[in-house]
Amino acid sequence: KSRQEHYFMSKIKTFAEYNEAIEPLILYPRKTQLEALQYVALGLNGEAGEVAEQIKKAMRNDGGELTTDRIESLKKEAGDVLWYLTRLAAELGTSLDEIAQINVEKLYGRKEKGNLKHE
């Protein structure tokens, strides 16, 4: 492992550091912004499906229990979701930090209007 790879594998603390760490791993079609967005959106959807698949397997194969192995599998799939979400943000010219801020503002706006409910 290179020094940089070793650093990134043990020191990721922010979304910006994560984005920098995955930069050398971007290997998908990017001729146009739309092509890149299509690719990452499809990947994001697929990986979100893998998260759901792990939950289904916990229900079907593990008797409704979340085993240690299942939790580890969920963490890995969530990491894949993070990769695609990070790339989606980058292809939109933004960051997860900005997206998180926008989302918090949207949610508090809903709360103020009384539209944030659990049903």
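Read along its sequence, the protein chain follows the pattern α-α-α-α-α, with five helices and zero strands; helices (H or I, at least four residues) and strands (E, at least two) are DSSP runs numbered from the N terminus. The radius of gyration is 17 Å, well over the 14 Å given by the globule rule for 119 residues, so the chain is more spread out than a compact globule. This radius is taken over C-alpha atoms, and the globule rule is 2.2 Å times the number of residues to the power 0.38. The model is a predicted one, in which local features need pLDDT of at least 70 and side-chain atom pairs count only at pLDDT 80 or more, while totals for chains, interfaces and linings use all residues. Residues are numbered from 1 along each chain as its sequence is written, and side-chain values use heavy atoms, with hydrogens and water left out.

Along its principal axes, the C-alpha trace spans about 40 × 40 × 30 Å. Of the 119 residues, 21% count as buried, where buried means under 20% relative accessible area, exposed over 50%, and partly exposed in between (1.4 Å probe, protein chains only). Among contacts with a separation of 6 or more, 55% join residues 24 or more positions apart; contact means heavy atoms within 4.5 Å.

The largest nonpolar core comprises ten residues: Tyr18, Ile22, Ile26, Tyr28, Ala36, Val40, Leu44, Val81, Trp83 and Tyr84. At least two residues of this core are supplied by each of α2 (15-22), α3 (33-61) and α4 (68-91). A nonpolar core is a set of buried Ala, Val, Leu, Ile, Met, Phe, Trp, Tyr and Cys residues joined through side-chain atoms within 4.5 Å.

Val40, a member of this core, is in contact with Tyr28, Tyr84, Arg87 and Leu88 when neighbours within four places in sequence are left aside. Leu88 belongs to helix α4 and is partly exposed, with a relative accessible area of 22%. Although Leu88 and Val40 are 48 residues apart in sequence, their C-alpha atoms are 5.9 Å apart in space. Not counting residues up to four places away in sequence, Leu88 touches Leu37, Val40 and Leu44.

Ala58 lies in helix α3 and counts as buried because its relative accessibility is 5%. Leaving aside neighbours within four places in sequence, Ala58 is in contact with Gly63, Gly64, Glu65, Leu66 and Arg70. The C-alpha atoms of Ala58 and Glu77, 19 residues apart along the chain, are separated by 14 Å.
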